[in-house]
Amino acid sequence: MLTVKLDSDVPLTLQIAEGIRRQIATGGLKTGDELPTVRQLAADLGVNLNTVARAYRALEADGLLTTVRGRGTQVASATVGKASLAANRERIEDRLRGALSDAKLAELDQTAVEKLFRKLMREFWRGATKNGG
Amino acid sequence: MALLENIMTYGFWPIMILSPAVWLTCVRTPAGVEVDRDQIARLTRWVWISTLLAIALYVTLLILWAGFPKPMMLGAIAPAFTLTLRALPLKNPDWGPHDPNVNTRTASLVNRRPTMPVTRAWWLLAWVAALGLLIAAASRGLFAFEVLPDRNERVMWYWAMFMTAFGPFMVASAMWAVAKTREEPEPRDAANDQRLEESYASLRNFRAWCFYWLFAITMPVGFSGFGVVMAWAPVSANLGGALGMGGGILGSVIGIAGAVFGTVAGLRRVRINRELRELQANDRQAAV
(Lines give C-alpha, C1' and ligand atoms only; values in the text may rest on other atoms or scores of the structure.)
Protein backbone atom coordinates (compact mmCIF):
# COMPACT_ATOMS: atom_id res chain seq x y z
CA MET A 1 0.00 0.00 0.00
CA LEU A 2 1.05 3.57 -0.67
CA THR A 3 -0.12 6.46 1.48
CA VAL A 4 0.31 10.15 0.69
CA LYS A 5 -0.66 13.23 2.65
CA LEU A 6 -2.09 16.06 0.58
CA ASP A 7 -1.43 18.64 3.31
CA SER A 8 2.20 17.62 3.83
CA ASP A 9 5.11 19.98 3.12
CA VAL A 10 6.77 17.14 1.19
CA PRO A 11 5.86 17.30 -2.53
CA LEU A 12 3.48 14.56 -3.70
CA THR A 13 5.94 13.29 -6.32
CA LEU A 14 8.51 12.75 -3.59
CA GLN A 15 5.97 11.05 -1.29
CA ILE A 16 4.97 8.64 -4.06
CA ALA A 17 8.58 7.88 -5.02
CA GLU A 18 9.53 7.37 -1.35
CA GLY A 19 6.53 5.10 -0.77
CA ILE A 20 7.43 2.85 -3.69
CA ARG A 21 11.11 2.93 -2.75
CA ARG A 22 10.15 1.81 0.79
CA GLN A 23 8.02 -1.04 -0.57
CA ILE A 24 10.94 -2.23 -2.70
CA ALA A 25 13.41 -1.90 0.17
CA THR A 26 11.21 -3.87 2.59
CA GLY A 27 10.38 -6.56 0.02
CA GLY A 28 6.72 -5.55 -0.38
CA LEU A 29 7.54 -5.22 -4.08
CA LYS A 30 9.96 -7.70 -5.64
CA THR A 31 11.97 -7.65 -8.86
CA GLY A 32 9.61 -8.26 -11.81
CA ASP A 33 6.47 -7.13 -9.94
CA GLU A 34 4.21 -5.05 -12.14
CA LEU A 35 3.31 -1.62 -10.80
CA PRO A 36 -0.06 0.06 -11.41
CA THR A 37 -0.30 2.14 -14.56
CA VAL A 38 0.24 5.86 -14.07
CA ARG A 39 -3.48 6.39 -14.73
CA GLN A 40 -4.55 3.78 -12.18
CA LEU A 41 -2.34 5.11 -9.39
CA ALA A 42 -3.22 8.74 -10.16
CA ALA A 43 -6.94 7.87 -10.08
CA ASP A 44 -6.64 5.92 -6.82
CA LEU A 45 -4.74 8.72 -5.10
CA GLY A 46 -6.80 11.46 -6.74
CA VAL A 47 -3.69 13.27 -7.94
CA ASN A 48 -2.51 14.57 -11.31
CA LEU A 49 -1.17 12.06 -13.86
CA ASN A 50 2.07 14.03 -14.20
CA THR A 51 2.73 13.77 -10.45
CA VAL A 52 2.76 9.96 -10.64
CA ALA A 53 4.62 9.95 -13.97
CA ARG A 54 7.37 12.14 -12.48
CA ALA A 55 7.71 9.79 -9.47
CA TYR A 56 8.00 6.77 -11.80
CA ARG A 57 10.60 8.57 -13.93
CA ALA A 58 12.67 9.42 -10.85
CA LEU A 59 12.64 5.76 -9.78
CA GLU A 60 13.51 4.67 -13.31
CA ALA A 61 16.48 7.04 -13.25
CA ASP A 62 17.60 5.33 -10.00
CA GLY A 63 17.36 1.97 -11.77
CA LEU A 64 14.60 0.69 -9.46
CA LEU A 65 11.83 0.63 -12.10
CA THR A 66 11.71 -0.09 -15.79
CA THR A 67 8.96 0.68 -18.26
CA VAL A 68 8.54 -1.69 -21.19
CA ARG A 69 6.22 -0.56 -23.97
CA GLY A 70 3.03 -2.63 -23.87
CA ARG A 71 4.00 -4.37 -20.64
CA GLY A 72 3.85 -1.48 -18.22
CA THR A 73 6.15 -0.52 -15.37
CA GLN A 74 7.94 -3.21 -13.39
CA VAL A 75 10.38 -3.36 -10.51
CA ALA A 76 13.76 -3.64 -12.25
CA SER A 77 15.94 -4.16 -9.24
CA ALA A 78 15.72 -4.26 -5.47
CA THR A 79 18.94 -2.24 -5.17
CA VAL A 80 20.05 1.06 -6.67
CA GLY A 81 23.23 -0.49 -8.09
CA LYS A 82 26.60 -1.15 -6.52
CA ALA A 83 28.62 0.60 -9.23
CA SER A 84 28.19 3.96 -7.54
CA LEU A 85 28.60 2.91 -3.91
CA ALA A 86 30.31 6.17 -2.98
CA ALA A 87 27.59 8.19 -4.67
CA ASN A 88 24.88 6.19 -2.92
CA ARG A 89 26.59 6.70 0.42
CA GLU A 90 26.84 10.40 -0.20
CA ARG A 91 23.16 10.60 -1.17
CA ILE A 92 22.09 8.68 1.98
CA GLU A 93 24.26 10.93 4.15
CA ASP A 94 22.72 14.00 2.56
CA ARG A 95 19.23 12.76 3.27
CA LEU A 96 20.06 11.84 6.86
CA ARG A 97 21.62 15.26 7.37
CA GLY A 98 18.44 16.80 5.93
CA ALA A 99 16.29 14.74 8.31
CA LEU A 100 18.49 15.75 11.26
CA SER A 101 18.20 19.42 10.29
CA ASP A 102 14.40 19.04 10.16
CA ALA A 103 14.46 17.45 13.61
CA LYS A 104 16.63 20.24 15.02
CA LEU A 105 14.41 22.91 13.50
CA ALA A 106 11.39 21.12 14.99
CA GLU A 107 13.17 21.45 18.40
CA LEU A 108 13.66 17.72 18.91
CA ASP A 109 16.62 16.99 21.18
CA GLN A 110 19.26 14.34 20.47
CA THR A 111 17.59 11.73 22.71
CA ALA A 112 14.23 12.20 21.01
CA VAL A 113 15.83 11.87 17.57
CA GLU A 114 17.71 8.72 18.61
CA LYS A 115 14.50 7.25 20.02
CA LEU A 116 12.58 8.10 16.85
CA PHE A 117 15.32 6.69 14.66
CA ARG A 118 15.43 3.42 16.63
CA LYS A 119 11.62 3.12 16.42
CA LEU A 120 11.65 3.66 12.64
CA MET A 121 14.56 1.21 12.23
CA ARG A 122 12.64 -1.45 14.17
CA GLU A 123 9.47 -0.87 12.12
CA PHE A 124 11.38 -0.91 8.85
CA TRP A 125 13.24 -4.15 9.51
CA ARG A 126 10.16 -5.79 10.95
CA GLY A 127 8.37 -5.03 7.63
CA ALA A 128 11.34 -6.25 5.62
CA THR A 129 11.54 -9.53 7.59
CA LYS A 130 7.78 -10.07 7.21
CA ASN A 131 8.06 -9.66 3.41
CA GLY A 132 11.17 -11.86 3.23
CA GLY A 133 13.28 -8.88 2.16
CA MET B 1 -50.55 10.08 -28.32
CA ALA B 2 -50.01 13.69 -29.41
CA LEU B 3 -49.93 14.77 -25.77
CA LEU B 4 -47.29 12.14 -24.98
CA GLU B 5 -45.27 13.28 -27.99
CA ASN B 6 -45.45 16.92 -26.82
CA ILE B 7 -44.40 15.94 -23.32
CA MET B 8 -41.45 13.97 -24.72
CA THR B 9 -40.44 16.77 -27.10
CA TYR B 10 -40.80 19.79 -24.81
CA GLY B 11 -40.75 18.32 -21.29
CA PHE B 12 -37.61 16.22 -21.55
CA TRP B 13 -35.13 19.11 -21.70
CA PRO B 14 -36.45 21.12 -18.74
CA ILE B 15 -36.30 17.91 -16.66
CA MET B 16 -32.70 17.32 -17.85
CA ILE B 17 -31.75 20.94 -17.06
CA LEU B 18 -33.32 20.87 -13.59
CA SER B 19 -32.09 17.42 -12.54
CA PRO B 20 -28.55 18.31 -11.33
CA ALA B 21 -29.72 21.25 -9.19
CA VAL B 22 -32.64 19.28 -7.69
CA TRP B 23 -30.34 16.33 -7.04
CA LEU B 24 -27.75 18.51 -5.33
CA THR B 25 -30.41 20.21 -3.20
CA CYS B 26 -31.92 16.87 -2.12
CA VAL B 27 -28.62 15.20 -1.18
CA ARG B 28 -28.00 15.31 2.58
CA THR B 29 -24.69 15.38 4.46
CA PRO B 30 -24.26 12.15 6.47
CA ALA B 31 -24.43 12.56 10.22
CA GLY B 32 -21.06 13.14 11.86
CA VAL B 33 -19.31 14.28 8.67
CA GLU B 34 -17.73 17.70 8.81
CA VAL B 35 -18.07 19.69 5.60
CA ASP B 36 -17.31 23.20 4.40
CA ARG B 37 -20.87 24.56 4.52
CA ASP B 38 -19.94 27.99 3.10
CA GLN B 39 -18.33 26.50 0.02
CA ILE B 40 -21.30 24.16 -0.51
CA ALA B 41 -23.78 27.03 -0.17
CA ARG B 42 -21.75 29.11 -2.67
CA LEU B 43 -21.57 26.27 -5.20
CA THR B 44 -25.28 25.40 -4.78
CA ARG B 45 -26.17 29.03 -5.43
CA TRP B 46 -24.16 29.01 -8.67
CA VAL B 47 -25.70 25.68 -9.72
CA TRP B 48 -29.18 27.20 -9.37
CA ILE B 49 -28.16 30.40 -11.19
CA SER B 50 -26.75 28.38 -14.13
CA THR B 51 -29.85 26.17 -14.12
CA LEU B 52 -32.25 29.10 -14.24
CA LEU B 53 -30.20 30.73 -17.00
CA ALA B 54 -30.36 27.48 -19.01
CA ILE B 55 -34.14 27.28 -18.50
CA ALA B 56 -34.48 30.92 -19.59
CA LEU B 57 -32.41 30.19 -22.70
CA TYR B 58 -34.56 27.13 -23.48
CA VAL B 59 -37.82 29.09 -23.17
CA THR B 60 -36.43 31.99 -25.25
CA LEU B 61 -35.30 29.63 -28.00
CA LEU B 62 -38.69 27.86 -27.97
CA ILE B 63 -40.47 31.19 -28.42
CA LEU B 64 -38.15 32.51 -31.14
CA TRP B 65 -37.32 29.26 -32.95
CA ALA B 66 -39.59 26.39 -31.89
CA GLY B 67 -37.85 23.79 -34.04
CA PHE B 68 -34.31 24.52 -32.84
CA PRO B 69 -32.09 21.41 -32.51
CA LYS B 70 -32.69 20.45 -28.88
CA PRO B 71 -29.24 18.80 -28.36
CA MET B 72 -27.91 22.38 -28.48
CA MET B 73 -29.13 22.56 -24.87
CA LEU B 74 -26.33 20.19 -23.81
CA GLY B 75 -23.99 23.18 -23.98
CA ALA B 76 -26.30 25.18 -21.72
CA ILE B 77 -26.53 22.34 -19.17
CA ALA B 78 -22.75 21.89 -18.97
CA PRO B 79 -21.98 24.64 -16.37
CA ALA B 80 -24.65 23.48 -13.88
CA PHE B 81 -23.66 19.85 -14.43
CA THR B 82 -19.93 20.53 -13.88
CA LEU B 83 -20.59 22.60 -10.75
CA THR B 84 -22.90 19.87 -9.38
CA LEU B 85 -20.20 17.23 -9.90
CA ARG B 86 -17.86 19.43 -7.86
CA ALA B 87 -20.37 20.21 -5.11
CA LEU B 88 -21.85 16.71 -4.61
CA PRO B 89 -18.81 15.04 -2.97
CA LEU B 90 -18.26 18.16 -0.87
CA LYS B 91 -21.80 17.85 0.49
CA ASN B 92 -21.81 14.08 0.76
CA PRO B 93 -18.41 12.33 0.37
CA ASP B 94 -20.21 9.10 -0.60
CA TRP B 95 -21.00 10.68 -4.00
CA GLY B 96 -17.38 11.05 -5.08
CA PRO B 97 -14.41 8.70 -5.29
CA HIS B 98 -12.37 10.80 -2.86
CA ASP B 99 -13.57 12.44 0.31
CA PRO B 100 -12.54 16.10 -0.20
CA ASN B 101 -12.41 16.51 3.58
CA VAL B 102 -9.72 13.81 4.03
CA ASN B 103 -6.11 14.73 3.27
CA THR B 104 -4.59 11.26 3.61
CA ARG B 105 -4.95 9.04 0.55
CA THR B 106 -4.01 5.38 0.27
CA ALA B 107 -3.70 3.26 -2.88
CA SER B 108 -2.80 -0.30 -3.70
CA LEU B 109 0.44 -0.90 -5.61
CA VAL B 110 -1.02 -3.91 -7.43
CA ASN B 111 -1.71 -3.50 -11.14
CA ARG B 112 -5.36 -4.31 -11.84
CA ARG B 113 -4.88 -5.02 -15.56
CA PRO B 114 -4.22 -8.77 -15.10
CA THR B 115 -7.53 -9.12 -13.21
CA MET B 116 -9.56 -8.58 -16.39
CA PRO B 117 -12.41 -11.15 -16.53
CA VAL B 118 -13.13 -10.52 -20.24
CA THR B 119 -10.45 -12.71 -21.79
CA ARG B 120 -9.15 -12.77 -25.38
CA ALA B 121 -11.56 -15.60 -26.23
CA TRP B 122 -14.53 -13.35 -25.42
CA TRP B 123 -13.11 -10.60 -27.63
CA LEU B 124 -12.55 -13.09 -30.42
CA LEU B 125 -16.24 -13.99 -30.19
CA ALA B 126 -17.25 -10.32 -30.43
CA TRP B 127 -14.93 -9.66 -33.40
CA VAL B 128 -16.04 -12.79 -35.27
CA ALA B 129 -19.68 -11.78 -34.78
CA ALA B 130 -19.18 -8.16 -35.86
CA LEU B 131 -16.92 -8.90 -38.83
CA GLY B 132 -19.00 -11.93 -39.86
CA LEU B 133 -22.13 -9.80 -40.05
CA LEU B 134 -20.23 -7.07 -41.93
CA ILE B 135 -19.07 -9.62 -44.49
CA ALA B 136 -22.60 -11.07 -44.71
CA ALA B 137 -24.03 -7.62 -45.51
CA ALA B 138 -21.18 -6.63 -47.81
CA SER B 139 -21.44 -9.80 -49.87
CA ARG B 140 -24.97 -8.79 -50.92
CA GLY B 141 -23.47 -5.72 -52.59
CA LEU B 142 -21.80 -7.90 -55.21
CA PHE B 143 -25.17 -9.37 -56.16
CA ALA B 144 -26.92 -6.01 -55.99
CA PHE B 145 -24.50 -4.44 -58.45
CA GLU B 146 -24.04 -7.30 -60.85
CA VAL B 147 -27.19 -9.42 -60.73
CA LEU B 148 -29.83 -7.01 -59.41
CA PRO B 149 -28.77 -3.50 -60.42
CA ASP B 150 -31.93 -2.02 -58.92
CA ARG B 151 -31.41 1.48 -57.54
CA ASN B 152 -33.66 0.95 -54.50
CA GLU B 153 -31.78 -2.19 -53.59
CA ARG B 154 -28.49 -0.34 -53.87
CA VAL B 155 -29.73 2.47 -51.59
CA MET B 156 -30.97 -0.14 -49.13
CA TRP B 157 -27.57 -1.82 -49.30
CA TYR B 158 -25.76 1.45 -48.61
CA TRP B 159 -27.87 1.85 -45.47
CA ALA B 160 -27.25 -1.76 -44.53
CA MET B 161 -23.49 -1.27 -44.90
CA PHE B 162 -23.70 1.92 -42.85
CA MET B 163 -25.38 -0.01 -40.01
CA THR B 164 -23.13 -3.07 -40.11
CA ALA B 165 -19.96 -0.95 -40.32
CA PHE B 166 -20.83 0.29 -36.83
CA GLY B 167 -20.31 -3.25 -35.50
CA PRO B 168 -16.49 -3.38 -35.57
CA PHE B 169 -16.36 0.26 -34.48
CA MET B 170 -18.52 -0.58 -31.43
CA VAL B 171 -16.40 -3.62 -30.54
CA ALA B 172 -13.24 -1.46 -30.71
CA SER B 173 -14.91 1.17 -28.50
CA ALA B 174 -16.04 -1.55 -26.07
CA MET B 175 -12.44 -2.83 -25.79
CA TRP B 176 -11.38 0.64 -24.74
CA ALA B 177 -14.31 1.04 -22.29
CA VAL B 178 -13.75 -2.40 -20.70
CA ALA B 179 -10.01 -1.69 -20.29
CA LYS B 180 -10.89 1.60 -18.58
CA THR B 181 -12.78 -0.27 -15.82
CA ARG B 182 -9.33 -1.17 -14.40
CA GLU B 183 -8.50 2.50 -14.03
CA GLU B 184 -11.56 3.64 -12.08
CA PRO B 185 -10.46 5.30 -8.81
CA GLU B 186 -10.22 2.74 -6.00
CA PRO B 187 -8.86 4.58 -2.96
CA ARG B 188 -8.13 2.31 0.00
CA ASP B 189 -7.88 2.47 3.76
CA ALA B 190 -4.51 2.34 5.48
CA ALA B 191 -5.26 -1.04 7.09
CA ASN B 192 -5.96 -2.61 3.65
CA ASP B 193 -9.42 -3.98 4.48
CA GLN B 194 -10.05 -7.23 2.59
CA ARG B 195 -13.80 -6.72 2.30
CA LEU B 196 -13.30 -3.33 0.66
CA GLU B 197 -10.93 -4.90 -1.87
CA GLU B 198 -13.52 -7.57 -2.68
CA SER B 199 -16.26 -4.96 -3.11
CA TYR B 200 -14.08 -3.03 -5.56
CA ALA B 201 -13.20 -6.20 -7.50
CA SER B 202 -16.84 -7.24 -7.71
CA LEU B 203 -17.98 -3.82 -8.99
CA ARG B 204 -15.03 -3.60 -11.40
CA ASN B 205 -15.92 -6.97 -12.94
CA PHE B 206 -19.63 -6.16 -13.02
CA ARG B 207 -18.86 -3.02 -15.02
CA ALA B 208 -16.51 -4.89 -17.37
CA TRP B 209 -19.13 -7.56 -18.15
CA CYS B 210 -21.92 -5.02 -18.55
CA PHE B 211 -19.82 -3.00 -21.01
CA TYR B 212 -18.90 -6.18 -22.84
CA TRP B 213 -22.40 -7.59 -23.25
CA LEU B 214 -23.95 -4.22 -24.00
CA PHE B 215 -21.38 -2.60 -26.31
CA ALA B 216 -19.37 -5.53 -27.69
CA ILE B 217 -22.19 -8.04 -28.26
CA THR B 218 -25.77 -6.72 -28.04
CA MET B 219 -25.28 -3.44 -29.91
CA PRO B 220 -23.03 -4.66 -32.74
CA VAL B 221 -24.89 -7.94 -33.24
CA GLY B 222 -28.30 -6.26 -32.94
CA PHE B 223 -27.64 -3.39 -35.33
CA SER B 224 -25.47 -5.39 -37.73
CA GLY B 225 -28.13 -8.11 -37.70
CA PHE B 226 -30.66 -5.53 -38.85
CA GLY B 227 -28.15 -4.42 -41.49
CA VAL B 228 -27.83 -7.96 -42.83
CA VAL B 229 -31.62 -8.36 -43.02
CA MET B 230 -31.85 -4.99 -44.81
CA ALA B 231 -29.15 -6.02 -47.27
CA TRP B 232 -30.66 -9.36 -48.11
CA ALA B 233 -34.44 -8.81 -47.86
CA PRO B 234 -35.95 -8.07 -51.27
CA VAL B 235 -37.21 -4.50 -51.62
CA SER B 236 -40.58 -5.94 -52.71
CA ALA B 237 -40.97 -7.49 -49.22
CA ASN B 238 -41.47 -3.93 -47.90
CA LEU B 239 -39.76 -4.57 -44.57
CA GLY B 240 -38.91 -0.91 -43.97
CA GLY B 241 -41.63 -0.33 -41.35
CA ALA B 242 -40.98 -3.57 -39.49
CA LEU B 243 -37.22 -2.98 -39.48
CA GLY B 244 -37.68 0.57 -38.25
CA MET B 245 -39.93 -0.62 -35.43
CA GLY B 246 -37.51 -3.44 -34.55
CA GLY B 247 -34.56 -1.05 -34.54
CA GLY B 248 -36.47 1.35 -32.31
CA ILE B 249 -37.33 -1.41 -29.84
CA LEU B 250 -33.75 -2.71 -29.82
CA GLY B 251 -32.40 0.82 -29.30
CA SER B 252 -34.84 1.42 -26.43
CA VAL B 253 -34.00 -1.91 -24.78
CA ILE B 254 -30.28 -1.13 -24.99
CA GLY B 255 -30.89 2.38 -23.64
CA ILE B 256 -32.95 1.08 -20.70
CA ALA B 257 -30.42 -1.70 -20.00
CA GLY B 258 -27.62 0.90 -20.04
CA ALA B 259 -29.54 3.15 -17.65
CA VAL B 260 -30.27 0.24 -15.27
CA PHE B 261 -26.64 -0.87 -15.37
CA GLY B 262 -25.42 2.67 -14.77
CA THR B 263 -27.78 3.18 -11.84
CA VAL B 264 -26.89 -0.16 -10.22
CA ALA B 265 -23.16 0.49 -10.67
CA GLY B 266 -23.57 4.03 -9.29
CA LEU B 267 -25.45 2.85 -6.20
CA ARG B 268 -22.93 0.08 -5.54
CA ARG B 269 -20.16 2.66 -5.80
CA VAL B 270 -21.90 4.92 -3.28
CA ARG B 271 -22.07 1.96 -0.86
CA ILE B 272 -18.34 1.30 -1.33
CA ASN B 273 -17.53 4.98 -0.78
CA ARG B 274 -19.52 4.84 2.47
CA GLU B 275 -17.58 1.73 3.57
CA LEU B 276 -14.31 3.50 2.76
CA ARG B 277 -15.33 6.63 4.66
CA GLU B 278 -16.06 4.53 7.76
CA LEU B 279 -12.75 2.65 7.44
CA GLN B 280 -10.84 5.91 7.03
CA ALA B 281 -12.55 7.27 10.14
CA ASN B 282 -11.35 4.15 12.00
CA ASP B 283 -7.82 4.74 10.64
CA ARG B 284 -7.87 8.31 11.97
CA GLN B 285 -9.11 7.16 15.38
CA ALA B 286 -6.39 4.49 15.52
CA ALA B 287 -3.75 7.11 14.64
CA VAL B 288 -4.93 9.31 17.53
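Which residues do ring pairs link into a cluster?

## Aromatic cluster in chain B

The cluster is made up of B:Trp122, B:Trp123, B:Trp209, B:Tyr212 and B:Trp213, linked by ring pairs. The model in which these residues are found is predicted. Over all chains, a search of the whole structure gives 13 aromatic pairs.

One of these pairs joins B:Trp122 to B:Tyr212 in an edge-to-face arrangement, with 5.9 Å centre to centre and 75° between the planes. B:Trp122 belongs to helix α4 (residues 120-146) of chain B and B:Tyr212 to helix α6 (residues 194-232) of chain B, so their contact ties together parts that lie 90 residues apart in sequence.

The two partners can also be described by their accessibility. B:Trp122 is partly exposed, at 32% relative accessibility, whereas B:Tyr212 is buried, at 0%.

## A pair within helix α5

B:Phe162 and B:Phe166 form another edge-to-face pair, because their ring centres are 5.4 Å apart and their planes meet at 80°, an angle over the 60 degrees that this class requires. Both residues lie in helix α5 (residues 151-180) of chain B; being 4 residues apart, they are separated by about one helical turn. B:Phe166 has a relative accessible area of 33% and therefore counts as partly exposed.

## A charge over a ring

An aromatic ring of chain B also has a charged residue over its face. The ring is that of B:Phe206, and B:Arg268 lies over it at 5.0 Å from the ring centre.

Methods. Residues are numbered from 1 along each chain as its sequence is written. Chains are lettered from A and ligands numbered from 1 in the order in which they are written. This is a predicted model: local features need pLDDT of at least 70, side-chain atom pairs count only at pLDDT 80 or more; totals for chains, interfaces and linings use all residues. Side-chain values use heavy atoms; hydrogens and water are left out. Rings of Phe, Tyr and Trp (its six-membered ring) pair if their centres lie within 6.5 Å; planes under 30 degrees apart count as stacked, over 60 as edge-to-face and the rest as tilted. Helices (H or I, at least four residues) and strands (E, at least two) are DSSP runs, numbered from the N terminus. Buried means under 20% relative accessible area, exposed over 50%, partly exposed in between (1.4 Å probe, protein chains only). A charge sits over a ring if NZ of Lys or CZ of Arg is within 6 Å of the ring centre and within 35 degrees of the ring normal.
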